Every structure is written in C-alpha cells, then in structure tokens.
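Visitor: Please walk me through one part of this model in close-up: the aromatic side chains. I would like the geometry together with the cut-offs behind it.

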Amino acid sequence: MKKFRIAVAGCGSMAGTWVKYALSRNDAEIVALVDIKEENAKKMAKDYRLACNIYNEIGTAIKETSANLVFDVTVPESHRNIVITSLALGCDVLGEKPMAATVEEAVEMVKAAEVSGKMYAVMQNRRYNKKIRAFRDIVASGVIGQPGFICADFFIGPHFGGFREIMESPLLLDMAIHTFDEARFITGQDPVSVYCHEFNPSGSWYKGNAAAICIFEFTDGSVFCYRGSWCSEGVPTSWEAEWRVSGSKGTAIWDGNNAPYYEVVVPSEKYTFYNQLKHVEPEMTWDGKEGHEGCLDEMFSALVEGRKAETDCRDNIKSMAMVFGALESARRGAKVFFNYESENKVLFIS
C-alpha cells in the first residue's frame, strides 16, 4: 500500500478540514507544515498534535521530508508558486479553489502538471452533495429531453467584514466559481461564450461590484443564465443557488436545499392548450461523503487508482475560465468567446 507523505502548505483555518481528513486515513502521514507565518504552523501542530517539522518554504519542506503529496491551502496569489514548485519536485498536489489569481497562471500550472506527469486536482466541494448528484442524474438521464435553458439564482446577504468587502469584484472572484462549476457538472457542458453585466446595487455594503448577471452559451447550444447578488437582504436562496433546467420534454428543479424533482409532458393525441404533466421525485442514490470529505475521497481514490480526478486541473480550468471570462466581458461591455487551444490555453476573443 502506497503511503502518502503530506506537506501542508498554508496553515490557516481552512487547512484544518484537510488535516483532519488526512489524519483519518491509515495510508497518510503529515510530514511537514508550511506557512510564511510560523505561528500559524505552530498552532496547527499543537491543535492536531502533529510531531512534524515546520517550514516557511515549500521546496525545502519537500526535500527535507521526502513528501510525495502537497495540500495547497494557501491564498490564491500563492497557488502558482506552491503548485509549480511541488510538481517539479515530484509531488502530486491537491489544492483549494480557485486554481490561481489569473487565467495565465492557471494555464502555466496545467502545463506544469502535464510536463511532470503528476496529479494536480482542485477542491470543488459543492459537487459532492447527494441532492446535486440526483439533480445531475435527472438531466443526464434524458428524461427531460435536451436541455435548452439552464438558470441559477444566487441571492444572499452575508456581512463578512474583512477583505471581501473591499474587493473589486467580490461575488465573481470569490463565490461565483462554485455556481459556474456546478453548471458544468449538472449539464456536462463547457462554455463557448459569455456576456456579463456586473454592478453594485443600492444599499450594498461592498466597495466593489457585489452583483452580476451572466449569460453563457454552452457547447451543446444551450444557454446558462446566472443571476447573483451578495448584498441581497431577505428571502435568501441556498448557498448552492436555486436551479431550473428546461428541456425539450420537461423541466427539472432544485432549490439547493431540498430534494430535486422534475415534470415531464404526458404524451396525448388530444390537443390541449397546456400539456398534461407528470410530477416525479426521484430517489437519491449517491452514497458518498459530502462536501470537502467527498471531494478529498475522490482525489485520493484517483491517486490510488492512477487516474485523473473528477476535478483535475485540466477540467477545472474551464470553470475558472468562466469567472475570468465574465470579468472580461463586464470590463469590455461586450460578449466574449472562449477558445480552448490544444495546450490547455484559454483565450477570450471579442
């Protein structure tokens, strides 16, 4: 049995979830804690009773401990350095979203993974949910026909304080990737274009734009419409958004909290103004772990089985591209197109 020798890069609060998961596995050992602030690493070592060395630089940590796997739980601006250094030193990397601070950095990281032959997979914990899996299965089964119009509404009013409230584009940069990745997961499609209008509504407590409307065209010709606000007080949606997928034979609904359902047309030879509909509430059959643990289970299974993870960087860059494509469209005030070149490069073309 392969033993995973893990170096944890970034010892803030989020890293605790990753550390607890690693400690639950009998094939994993944490051999290094890495943080530019030594006090963060020391606190983590104490909180989880870890008898490993502490470092302020990932390269040294890998070389001195013979780590073969890196958890990248640093801030987005640090991901490029952590990932590229770790891959070059022969480590697989599992990291937090988003992949990088820019699309250009993400492209460089994907190429580094290709060259190294190692895995780089990205945390997309919202895919690992019994209800979204059931919703995805409805769409994939073809029971509602060919999807034509996909809608997601996200309206929440969190008062974070701190960096989010002074970001230039807090909703799109910090949150929207979850919903965009969910859209790709639910439909099995990738975006080919986007038009985005980003704005800051009256009453917003954010300095930057806390709301956006995005219209994506997907590879199968369907359209995905995202309406989002992080400064919406009253009648909040789920953090998973509220979803409607309208197909050629019916419609599937998921409110992000409760079980999904769908309604399909009942075939009839008699003409009626409205077709008769059948309401169906399918069983939820997925029995995996949810949230971060579910995604980490999938990542480790991929490592053990020698295959690509579901959230491999080569796939996840397309979700990230949706974010930066939307930002580029908002900046230009125009529709932009995605071009996926052979070397995983993503370009926006006006």
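Guide: One aromatic cluster is made up of F154, F160, W205, Y206, W230 and W239. Please keep in mind that this is a predicted model, in which local features need pLDDT of at least 70 and side-chain atom pairs pLDDT 80 or more, while totals for chains, interfaces and linings use all residues. Residues are numbered from 1 along each chain as its sequence is written, and side-chain values use heavy atoms, with hydrogens and water left out.

Rings of Phe, Tyr and Trp (for Trp, the six-membered ring) pair when their centres lie within 6.5 Å; planes under 30 degrees apart are stacked, over 60 edge-to-face, and the rest tilted. That rule gives 18 aromatic pairs. Among them, F4 and F300 are edge-to-face, because their ring planes stand at 90 degrees, with centres 5.1 Å apart. This pair joins distant parts of the chain, 296 residues apart: F4 belongs to strand β1 (residues 4–9) and F300 to helix α8 (residues 291–305). Here helices are DSSP runs of H or I with at least four residues, and strands runs of E with at least two, numbered from the N terminus.

F4 is buried at a relative accessible area of 1%, and F300 is buried at 0%. Buried means under 20% relative accessible area, exposed over 50%, and partly exposed in between (1.4 Å probe, protein chains only).

F300 also pairs edge-to-face with F71, the centres being 6.2 Å apart and the planes at 90 degrees. F71 sits in strand β4 (residues 69–72), 229 residues from F300, and both F71 and F300 are buried.
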